[in-house]
Amino acid sequence: MIADTLYLIAAVCFIFALSGLSRAESAQRGNLCGIFGMTTACVAAYLTTRSGDFWFVLIAVISGGGIGVFIAKAVSMTALPQMVAGFHSLVGLAAVLISFSACFAPELFRISTSSGIKVLSLLEMGLGSSIGAITFLGSIIAFLKLQGMYKGHSIPTSLNTFFAFAICCLLLCFMLTESEEAFLLLTLVSLLFGATLIMPIGGADMPVVVSMLNSYSGWATSGIGFTIANDLLIITGALVGSSGAILSYIMCKGMNRSLWSVIFTPEPAKSVNKSTFDEPRTFKSGAPEDAAFILKNANSVVVVPGYGMATSKAQHALKELGDILKKEGIGVKYAIHPVAGRMPGHMNVLLAEAGVPYDEVFELDEINRDFAFCDVAYVIGANDVVNPAAKNDPSCPIYGMPILDAEKAKIILFLKRSMGTGYAGVDNELFYISNTMMLLGDAKKTTENIIKAMQ
Amino acid sequence: MKCGFQSLIDSFFWNLGAGGQASVSGGMHTVTVFILACFIGYYLVWNVTPALHAPLISVTNAISSVIIVGAIFAAAQHFYGHARIFGFVAIVLTAINIFGGFTITHRMLNMFRRNK
């Protein structure tokens, strides 16, 4: 009874944790609610065990907690997507381990009857373990990809279909026979499925993958909640699962792709117009001094950050540049595309890290009209999200994706490492129009040179 | 233990229906809770401002580790050696996640608050 009340309190706290995120002012309070809820849940769980081995549990919590805090303090904001993927894998693995304990010692969770484990519990246990295993290895692959340690392989869709089919069969087999072998095999196939599901998905689709794995970790939690008949786990899992699902949906919409096509036809066909590569096209390249001159004479500047800003850690230099411009009385705004970066909200965090006030940062819908009235679009490390081909060229793979209308600005300053194409493998018309100036090189160095030239 | 297909169906309906004794593995009650929670999640998350989507992911990551509850059940008992070890490892993993997830969220949100 006491434990149930505590679980209820914890569930309400988690709801407050999410609702706090509706505004930046209340978000920190929400996080504290989450911490309080989690503590309550742990206390309740310990009380239910009735004089369980306290020190054994405490040692585990402290050692894990120490590692967790250390990682979270040490990680740089650029590496945030990898860290999140890594953390998701831990939830997946924990779900698998708990299902294993439930399978081998069902009495612990009071799910066994005189004739073995209840069939519905077997289903839930199997699902919990399966989703956990998919989350675990899928997240590991996503982590390796985000870290740049693994490039990816293409996997035939038939293999994934086979795995999905095999998982269903093994699940049924496990429910009917309660055999531990079927359970182990089910987990093993789910592990493979998790890997083959994520392996072919390309770098630009990573925001979808990160949110999708977020969602899976929630469903795995719910699965365990069903297995051990714990409402708190079910509620929390459902909250997390729907959160990840909505984020995946938002990311897919930001790319005008369906979730289905991201998962099953991962690499957008590289149907690039070959003629654009045959003859090198002319573009105007400029020096930082030219850019400094242009910026000084502007009235308003819109900055479009992309993943390139994250890799070259240019956010601090960018903030400095913004401050100089504002001192000169030039308006500065930041335009964030939903899929810029490698996870939802990645760019916002990097800009916040550098100290950019968040009332200068705008989402796609809020700012897109402003490009027509601004003097300079400062595109730093973004490419596909400003490619006008998405609007004009039905044959290009990113056609239909909502883009930031940087081409409407009077002058476009394009900071880019090289003239290469973006992740979608599409040439960008924007490089070659007459009012674009390309500033090739490392985004951070270029920005710093512009700052030097302005002083 | 062998369960036939018939008993599978029986048990399923037993769990879903108002079968005399309270069924341990939930039945209709848990499904109700699950579906209602999905709706709460749906409305909560659409209210989150897009700028805070990264903290949203890290905080949901932290709270999804509430499966530590199951791990504590398994680890705190004295009778089943292997279940206990599984539980211990699961607690360590979820604790990394919980502490790490809340800490990184805190770090991120501080950045947003500082720049008000």
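Two residues count as in contact here if their C-beta atoms, placed from the backbone, lie within 7 Å. By that rule, the contact between the chains takes 108 residues from chain A and 87 residues from chain B. Before going on, some housekeeping: this is a predicted model, where local features need pLDDT of at least 70 and side-chain atom pairs count only at pLDDT 80 or more, while totals for chains, interfaces and linings use all residues. Residues are numbered from 1 along each chain as its sequence is written, and chains are lettered from A and ligands numbered from 1 in the order in which they are written.

So who does the touching on chain B's side? Helices here are DSSP runs (H or I, at least four residues), numbered from the N terminus. Helix H1 (5–16), helix H2 (28–46), helix H3 (53–64), H4 and helix H5 (81–114) of chain B each bring at least two residues to the side that touches chain A. H5(B) gives the largest share, 30 residues. Sorted by class, that side of chain B has 55 nonpolar, 28 polar and four charged residues; Ala, Val, Leu, Ile, Met, Phe, Trp, Tyr, Cys and Pro count as nonpolar, Asp, Glu, Lys and Arg as charged, and the others, Gly among them, as polar.

Now follow helix H4 of chain A (residues 80–104). With H3(B), H4(A) packs at an angle of about 20°, the axes 10 Å apart; axes are lines fitted to C-alpha atoms, for helices over the stretch in contact, and angles run from 0 to 180 degrees between N-to-C directions. H4(A) and H3(B) are therefore roughly parallel, a label for angles under 35 degrees. Their crossing is left-handed, meaning the near helix is turned anticlockwise from the far one by less than a right angle (right-handed if clockwise). Among the residues that make this contact are Phe87(A) and His88(A) on one helix and Ile57(B) and Asn61(B) on the other. The residues divide into six nonpolar, four polar and no charged.

H4(A) also packs against helix H4 of chain B (residues 68–76), at about 45° and with axes 10 Å apart. That crossing is left-handed too, and is made by Ala94(A), Ile98(A) and Ser101(A) with Gly70(B), Ala71(B) and Ala74(B).

Within chain A, the axes of helix H14 (residues 315–327) and helix H15 (residues 346–354) come within 8 Å and cross at roughly 65°. This crossing is right-handed. The residues of the contact divide into four nonpolar, two polar and two charged.

Terms used. Parallel < 35°, antiparallel > 145°, perpendicular 65-115°, else oblique.
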